[in-house]
Amino acid sequence: MFEGVPLTWFLITGTIMFFVGIYGFLVRKNLITILMSTELILNSVNINFVAFNKILYPDHLEGMFFSLFIIAVAAAEASVAIAIIINIYRRLVNIDVEKMDEMKY
Amino acid sequence: MTPNQLMFAIFSAVIIIFSILTVTSRRILRSATFLLFVLVATGGMYFLLRFNYLAAIQLTLYAGGIVVLIIFSILLTSHIAEKLEKPEMKKVIPAFLAAAAGAVITIATILQHTFPMEAVSMSERTNIRAIAKSLISTEKYGYALPFEVISILLLAAMVGAIILAKKRKD
């Protein structure tokens with residue numbers, strides 16, 4: 001319970017966000033929208049970490065550091081993914097996952 | 001309803017509604033804008049929990065950096081007015097069932113578990129000095145090694161992105 005907000009509420013918000021991300025990951029075909037779904041998934045995990053940290057262990061900062069590192073990894077992942085997407089676009093002139101069935105070698 | 005509950009309800013509603021719009025909108029640029037709203041609301045949730053430093057990082061790095069990067073790549077790879085084609089039903093139904101089943105199972109498990117209910121005091125903001133000390137400390141609860149590893153990861157990602165995206169000679 002944090003100032004009248006129970007931990008369960010945070011967890012349920014995070015869960016819904018996570019599975020909406022999963023749905024988008026499965027349904028979308030455009031590579032950039034798939035990347036956006038991945039960002040949703042990573043964000044929902046961050047909410048859980050932070051809420052657990054504040055409500056169950058208010059004297060520690062572990063959850064906050066995990067979120068911090070997840071954000072950094074997400075930034076690195078997004079930059080590399082977008083470089084790959086632009087490279088694919090240059091080769092194939094579209095970024096549909098279903099039309100990508102060739103690798104370089 | 002306390003002010004905190006009200007703020008939580010607003011942020012939570014924004015997160016849920018706009019994340020659903022993000023994965024269902026057929027205009028890709030709008031989809032990216034909805035993602036921006038979701039990320040800002042998440043930052044608000046960190047503010048609500050008094051993690052001011054993390055909220056600032058969220059706003060600058062996620063909302064400022066990643067969304068701008070995504071919008072740039074959208075503008076490079078597709079037309080603004082272009083609409084994505086409708087996903088076909090034989091993909092939508094299994095995906096929806098999988099996501100709904102996962103959500104139902106997880107929420108049922110969360111609701112069954114009883115978390116300790118003692119109220120957390122209106123704790124002071126996270127101390128920025130404590131964060132900085134933990135990030136360079138090598139003792140218990142110190143994060144010096146992950147900090148160094150993440151800096152190497154960022155460097156590798158930067159070099160990799162440049163090499164991948166640069167123009168080939170041939």
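Reply: Domain bounds here come from an automatic or database domain assignment. On that basis, chain B is divided into domain 1, residues 1–86, and domain 2, residues 127–170. The C-alpha centres of domain 1 of chain B and domain 2 of chain B lie 24 Å apart.

Two remarks on the source are needed. Residues are numbered from 1 along each chain as its sequence is written, and chains are lettered from A and ligands numbered from 1 in the order in which they are written. This is a predicted model, in which local features need pLDDT of at least 70 and side-chain atom pairs count only at pLDDT 80 or more, while totals for chains, interfaces and linings use all residues.

Chain B has 6 helices and 0 strands; helices (H or I, at least four residues) and strands (E, at least two) are DSSP runs, numbered from the N terminus. Read from the N terminus on, its elements are α-α-α-α-α-α. The radius of gyration of chain B is 21 Å, well over the 15 Å that the globule rule gives for 170 residues, so chain B is more spread out than a compact globule. This radius is taken over C-alpha atoms, and the globule rule is 2.2 Å times the number of residues to the power 0.38. The C-alpha trace of chain B spans about 55 × 45 × 30 Å along its principal axes.

Within chain B, the axes of helix 1 and helix 2 come within 8 Å and cross at roughly 155 degrees. Axes are lines fitted to C-alpha atoms, for helices over the stretch in contact, and angles run from 0 to 180 degrees between N-to-C directions. Helix 1 of chain B is therefore roughly antiparallel to helix 2 of chain B, a term for angles over 145 degrees, with those under 35 counted as roughly parallel, 65 to 115 as roughly perpendicular and the rest as oblique. The crossing of these two helices of chain B is left-handed, meaning that the near helix is turned anticlockwise from the far one by less than a right angle; clockwise would be right-handed. Helix 1 of chain B contributes residues including F8(B), F11(B) and F18(B), and helix 2 of chain B residues including F34(B), F37(B) and M45(B). By class, this contact of helix 1 with helix 2 of chain B has 14 nonpolar, 6 polar and no charged residues. Ala, Val, Leu, Ile, Met, Phe, Trp, Tyr, Cys and Pro count as nonpolar, Asp, Glu, Lys and Arg as charged, and the others, Gly among them, as polar.

Chain B also meets its partner: 71 residues of chain B are in contact with 61 residues of chain A, contact requiring C-beta atoms, placed from the backbone, to lie within 7 Å. Helix 3 of chain B provides the largest share of the side that touches chain A, 13 residues. That side of chain B divides into 51 nonpolar, 18 polar and 2 charged residues.

Chain A itself has 3 helices and 0 strands. Its radius of gyration is 18 Å, whereas a compact globule of 105 residues would have one near 13 Å. Helix 1 (residues 7–27) and helix 2 (residues 31–56) of chain A pack at an angle of about 165 degrees, with their axes 8 Å apart. That makes helix 1 of chain A roughly antiparallel to helix 2 of chain A, and their crossing is left-handed.

Definitions and conventions
Two residues are in contact if their C-beta atoms, placed from the backbone, lie within 7 Å.
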